[in-house]
Amino acid sequence: LVRLRSRLSRSQNVFGKGLLGLLSRDRLDEDVWEEIEDSLITADVGVDATRDIVDRLRERTRVLGTRSVAELRTLLATELVTALDPGLDRSLHTAPKEGVPAVLLVVGVNGAGKTTTCGKIARVLIADGRSVLLGAADTFRAAAADQLQTWAGRVGAETVRGPEGADPASVAFDAVKRGIETGVDTVLVDTAGRLQNKIGLMDELGKVKRVVEKHGPIDETLLVLDATTGQNGLEQARVFTEVVNVTGVVLTKLDGTAKGGIVIAVQRKLGIPVKLVGLGEGPDDLAPFDPAQFVDALLG
Ligand code: GDP
């Protein structure tokens with residue numbers, strides 16, 4: 001939690017700052033509500049979610065007869081955690097079943113942090129004693145496969161890649177095939193995400209999915225989202241949920257943004273749990289997402 005807090009505060013999160021201002025007051029007047037609303041909107045919580053949270057908060061304070069801003073902070077924390085649906089299953093399915101590797105598909109627009117996230121997840125699993133294979137199904141940029149291979153070397157995973165321009169689905173197929181043959185525990189398939197050509201990309205991703213499923217069901221499809229792209233990025237991301245069955249979101253670059261509230265918007269808009277958060281570029285900068293801890297860190 002301390003690490004999470006220091007990482008988030010590095011970005012001088014607006015929640016914290018906004019609330020600091022609130023705490024210097026001694027009573028709840030209309031300005032306080034406006035400030036809370038502004039803080040939430042600025043933090044990218046989204047207009048609808050903000051309205052809901054503030055409405056509920058007002059109702060709660062009315063019922064409870066809340067007078068102090070300190071109490072209000074506690075109630076706000078509760079509302080934010082509630083908005084994040086703390087009961088959702090956020091576990092990551094990475095364990096092999098009956099000798100067959102778990103297969104994870106990693107999708108998202110270019111630059112969101114897919115390759116980095118694959119490396120980080122591999123790192124966690126390997127530290128846990130698992131064997132991991134990384135499949136480089138982003139075949140459009142040679143640099144992408146190189147980058148994945150560098151990560152693999154760094155964390156001790158095997159890689160399967162194809163020649164530049166190879167069919168991504170065939171590389172994905174080969175990666176899973178090899179994973180089954182060599183008996184690794186987990187196969188992570190990194191995919192391409194060129195949104196410039198949406199239909200082409202989605203056809204390609206659909207094909208990757210179908211081909212991988214020839215080996216058996218996909219255990220987890222992770223959508224990687226860059227927290228700094230805000231509501232816009234969220235709109236783009238929706239496309240992915242139409243093509244593949246996204247089971248979890250990885251929200252990256254939370255270390256570099258004052259817009260941590262996007263987590264709430266993501267879950268609300270996509271209806272998919274945020275399972276992991278990226279807090280930096282290094283191999284250990286990945287954390288499981290815990291709503292209560294996150295809100296606590298966010299409020300400073
Ligand atoms: P991809 O195109 O989706 O595979 O994205 P990459 O994994 O290549 O990441 C794009 C850039 O974002 C790289 O410079 C990464 O180091 C950086 N990046 C990825 N995740 C994070 C994160 O959680 N925090 C920060 N600050 N940078 C990140």
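The questions and answers below concern a predicted model.

Trainee: What limits apply to this model?
Mentor: Residues are numbered from 1 along each chain as its sequence is written, and side-chain values use heavy atoms, without hydrogens and water. In this predicted model, totals for chains, interfaces and linings use all residues, side-chain atom pairs count only at pLDDT 80 or more, and local features need pLDDT of at least 70.

Trainee: How far is an oxygen atom of the ligand from an N or O atom in the side chain of Glu-281?
Mentor: Ligand oxygen atoms also lie 2.9 Å from a backbone N or O atom of Gly-113 and 2.8 Å from a polar side-chain atom of Thr-115. For the side chain of Glu-281, the distance is 2.6 Å.

Trainee: Which residues of helix H10 are buried?
Mentor: Helices are DSSP runs of H or I with at least four residues, strands are runs of E with at least two, and both are numbered from the N terminus. Buried means under 20% relative accessible area, exposed over 50%, and partly exposed in between, with a 1.4 Å probe and protein chains only. In H10, residues 230-243, the buried ones are Gly-230, Gly-233, Leu-234, Ala-237, Val-239 and Phe-240.

Trainee: What covers the buried residues of H10?
Mentor: Contact means heavy atoms within 4.5 Å. The cover includes strand S1 (102-107), helix H9 (198-213), strand S5 (220-226) and helix H11 (262-270).

Trainee: Is Glu-204 buried or exposed?
Mentor: Glu-204 is in helix H9. Not counting residues up to four places away in sequence, Glu-204 touches Phe-140, Pro-168, Ala-192 and Arg-194. Because its relative accessibility is 13%, Glu-204 counts as buried.

Trainee: Which residues touch the most other members of the largest nonpolar core?
Mentor: A nonpolar core is a set of buried Ala, Val, Leu, Ile, Met, Phe, Trp, Tyr and Cys residues joined through side-chain atoms within 4.5 Å. The largest one has 64 residues, and those touching the most other members are Ile-36, Leu-225, Leu-251 and Val-266.

Trainee: Which residue is joined to Asp-89 by a polar contact between side chains?
Mentor: Asp-89 sits in the loop between helix H5 (69-83) and S1. Leaving aside neighbours within four places in sequence, Asp-89 is in contact with Pro-273 and Lys-275. A polar contact is a pair of N or O atoms within 3.5 Å; within protein, one must be able to donate a hydrogen and the other to accept it, and residues adjacent in sequence count only if both atoms are side-chain atoms. At 2.6 Å, the side-chain partner of Asp-89 is Ser-91.

Trainee: What is the relative accessible area of Glu-98?
Mentor: Glu-98 lies in the loop between H5 and S1. Its phi is positive, about 50°, although Glu-98 is not a glycine. Glu-98 is exposed because its relative accessible area is 85%.
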